[in-house]
Amino acid sequence: GSSSLASLLGGGVGTGATTDGEEGSFHGSTASGSGADLAKMGSAEASEDQVTMLGIVQAQRDRFVQRIQDMEHEKEQLGRKHASQRQALQQLQRDNLKLYEKIRYLQSYQGQSRGGAGGG
């Protein structure tokens, strides 16, 4: 359930995966960054960007984990409610059948008493 999904979400964050903001593509890189990235910017700037990105990704992961937990809790509640409603439906069907049988019995009893009184 949520623990396996949470571990999957948590496992990808430690690798330092980043997103390219302009193109929206996802590419993995190590926590130290690729050589080309470090050549373009100073190592302190690259490190700061990665820490910022890591914080953003971790916050997003935490929100998703919380959302998954909330949805699983709601799913459990709905499952219990569904089972309860199913039991109520079955009880109403049994009650309905009993009432129908009583009505049929009373109708047949009334028909017998009328027929007997008119013939005597």
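Helices (H or I, at least four residues) and strands (E, at least two) are DSSP runs, numbered from the N terminus.

This is a predicted model, with local features needing pLDDT of at least 70 and side-chain atom pairs counting only at pLDDT 80 or more, while totals for chains, interfaces and linings use all residues. Residues are numbered from 1 along each chain as its sequence is written, and side-chain values use heavy atoms, with hydrogens and water left out.

Across the protein chain, pLDDT averages 76, and 60% of the residues score at least 70. Residues 13-32 stay under 50, and the model gives them 28 contacts beyond four places in sequence, a contact being heavy atoms within 4.5 Å. Where pLDDT is low, the predicted coordinates should not be read in detail.

As for the fold, the protein chain has three helices and two strands, running α-β-β-α-α from the N terminus. Of its 120 residues, 8% count as buried (under 20% relative accessible area; exposed is over 50%, partly exposed in between, with a 1.4 Å probe and protein chains only). Among contacts between residues at least 6 apart in sequence, 44% join residues at least 24 apart.

Now the side chains. Here are the two pairs:

| Pair | Type | Geometry |
|---|---|---|
| Tyr105 and Tyr109 | aromatic pair, stacked | 6.4 Å centre to centre, 20° between the planes |
| Asp62 and Arg61 | salt bridge | 3.0 Å, N to O |

Rings of Phe, Tyr and Trp (its six-membered ring) pair if their centres lie within 6.5 Å; planes under 30 degrees apart count as stacked, over 60 as edge-to-face and the rest as tilted. A salt bridge needs a side-chain nitrogen of Lys or Arg within 4 Å of a carboxyl oxygen of Asp or Glu.

Because Tyr105 and Tyr109 are four residues apart in helix α3 (residues 43-119), about one helical turn separates them. Both tyrosines are exposed. Together with Leu106, Tyr105 and Tyr109 make a nonpolar surface patch of about 370 Å². As for Asp62, its relative accessibility is 43%, so Asp62 counts as partly exposed.

How values were computed. pLDDT = per-residue confidence, 0-100. Patch = residues over 30% accessible without salt bridge, like charges linked within 9 Å, V, L, I, M, F, W, Y side chains within 5 Å. Areas by Shrake-Rupley, 256 points an atom, 1.4 Å probe, with all protein chains shown as cover.
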